[in-house]
Amino acid sequence: MQTKGGTLGIIHNTSENFAIKANLSSGFRVPNIDDLAKIFESVQGIIIVPNENIKPEKTLTADFGIVIQSNSKKIKFENTYFYTRLYDAIVTDEFLYNGQNVIDYDGTASQVFANQNKGKAFITGLSTSFTAEILSSLNFSANFNYNLGRVVENGNQSPLDHISPYFGKIGFMYSKSWLNLEAYLLYNGKKPSKDYSTSGEDNQQYAPNGGMPAWETYNFKSGFEVYKGATLFAGIENILDTQYRVFASGINAPGRNFYGGLKYAF
């Protein structure tokens, strides 16, 4: 994959407590060897064939953000909204191979798909973060991310593939010169069936009826400087041993997990 483009941005600090920022950028993606010459079988019954007529995908992105912070800079809120418009968007969709939309592949009748230029598409979303210093060594942080992607063709919209549901992290961190402790929550929203791409690239066959459920995990990690340059670290992930699966994955994520080690920097 090759990408190129240009960017123009501006940041305006209206006061010590408030700032606005904006960016405008353009780019394009040249199809790679996989788009032009490789055969994929995402799921049995769907075959993705090469398309030698595919053209570069062009993008135009605009984003706008605000930053609000206290006079002491101990509290900070930042929010950014973005919108990307894709032209000649490279999308995996139904295709004809030698005039046929179904072919035999390894003994299975498979519906033919290919990466192709499908008019226009867009990706939009926002990213929000909040940080606060509660005590001199104790900080709170939280972030939230949301994305939406759609292919626009003949006035109709359909889901763009590889668009994750909303996700984020909330946690507390205690830091000293020799000690770091962090307790945090990772969370992920539901991916409804209606938001899955029909190409099979999102692996909907691995999701329950209705889509991939939302999930959250509670985690803890620590680091201790036991000697100059030597740090002992340990932690526990997924403390409640929650059974969950990440969007588009074919296997469940790990359960409760303990880890530890020693790191030494010369």
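**Aromatic pairs and a buried arginine**

A search of the whole structure finds seven aromatic pairs, where rings of Phe, Tyr and Trp (its six-membered ring) pair if their centres lie within 6.5 Å, and where planes under 30 degrees apart count as stacked, over 60 as edge-to-face and the rest as tilted. The model is predicted, so that local features need pLDDT of at least 70 and side-chain atom pairs count only at pLDDT 80 or more, while totals for chains, interfaces and linings use all residues. Residues are numbered from 1 along each chain as its sequence is written, and side-chain values use heavy atoms, with hydrogens and water left out.

Tyr-166 and Tyr-187 form a tilted pair, 6.4 Å from centre to centre and with 55 degrees between the planes. Because Tyr-166 lies in the loop between strand 12 (156–159) and strand 13 (167–175) and Tyr-187 in strand 14 (residues 179–188), the pair ties together parts that are 21 residues apart in sequence; strands are DSSP runs (E, at least two residues), numbered from the N terminus. Tyr-166 is partly exposed, with a relative accessible area of 35%, whereas Tyr-187 is buried at 16% (buried means under 20% relative accessible area, exposed over 50%, partly exposed in between, with a 1.4 Å probe and protein chains only).

The rings of Trp-215 and Tyr-244 have centres 4.2 Å apart and planes at 25 degrees, so this pair is stacked. Both Trp-215 and Tyr-244 are buried.

Arg-85, placed in strand 6 (residues 75–87), has a side chain that makes a polar contact with the side chain of Tyr-83 at 3.0 Å (a pair of N or O atoms within 3.5 Å; within protein, one must be able to donate a hydrogen and the other to accept it, and residues adjacent in sequence count only if both atoms are side-chain atoms).

Notes
Helices (H or I, at least four residues) and strands (E, at least two) are DSSP runs, numbered from the N terminus.
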